Amino acid sequence: MTRKRVAVLISGRGSNMAALIEAAKDKSYPAEIAVVISNRPDAGGLLVAKAADILTEVVDHTKAGKDRAQFENGVQAVLEKHRIDLVCLAGFMRLLTPEFVKKWQWRILNIHPALLPAFKGLDTHRRALEANARIHGATVHFVVPEMDAGPIIAQAAVHVLSGDSAEILAARVLKAEHRIYPLALKLVAEGRVRVTDGRCLIDGVPTPGAESLTPEPP
Ligand code: GRF
């Protein structure tokens, strides 16, 4: 089996990146983390990646001024240099242009801290609490030009408990994120995910397996 070469794009602490690195340590995992790219030179995740002996690159968006295409040309050059097959966004805080997304169609994954299509955008945990949601969670999806709108690969649910603050809920969701991102990448790297009419079929069916859908016990 040839392992897919993956670039993880980060902007911050990189705990999802770390979960992907951990999963890929297993030689039977179908993907290897070839490089971690940050748009911020001070992202904490860069140190975590280096400590795990993963190559890192910085493409500083502030150096590209307001020109998103110029920034993306820098990212594209790094992806080509490392012969990347798949891109995982993991707390990457830049919007990508439709041109870039199309070039990488069905080869860019993102993790979002909510059960999409609910709570797109930022501040998802506070908004879930304000909405009195009983169930919250995380979603891994393919990236499309519209934000947080691409075909869903995997989701995990967690209970919202009385007394939860946004921080407590975020920590519970983050644990679920670390579980489903490696699972979703595995499915994609194994070529088991096909997009048809805007939705993902896994092994030809619309659900990725019960283990990624079951709420964690409270
Ligand atoms: C995660 O909650 C992820 O879902 C969101 O940004 C956060 C990044 O956290 N897109 P980390 O950098 O992976 O720890």
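Student: Which residues are buried in α3?
Tutor: This is a predicted model, where local features need pLDDT of at least 70, side-chain atom pairs count only at pLDDT 80 or more, and totals for chains, interfaces and linings use all residues. Residues are numbered from 1 along each chain as its sequence is written, and side-chain values use heavy atoms, leaving out hydrogens and water. Helices (DSSP runs of H or I, at least four residues) and strands (runs of E, at least two) are numbered from the N terminus. With buried meaning under 20% relative accessible area, exposed over 50% and partly exposed in between (1.4 Å probe, protein chains only), the buried ones in α3 are Phe 71, Glu 72, Val 75, Gln 76, Val 78 and Leu 79.

Student: Why do the buried residues of α3 line one face?
Tutor: Look down the axis of α3 and take the directions from that axis to the C-beta atoms. The buried residues line one face because they fall within an arc of 160 degrees.

Student: Which exposed residues sit on the face turned away from the buried side of α3?
Tutor: The buried residues pack against β1, β2, β3, β4 and α4, where contact means heavy atoms within 4.5 Å. The face turned away carries Asn 73, Glu 80 and Lys 81.

Student: How much of the ligand does the protein bury?
Tutor: Start with the polar contacts, pairs of N or O atoms within 3.5 Å: a ligand oxygen lies 2.7 Å from an N or O atom in the side chain of Glu 177. Taken alone, the ligand exposes 360 Å² (Shrake-Rupley method, 1.4 Å probe). Of that, the protein buries 84%.

Note on methods: A polar contact is a pair of N or O atoms within 3.5 Å; within protein, one must be able to donate a hydrogen and the other to accept it, and residues adjacent in sequence count only if both atoms are side-chain atoms.
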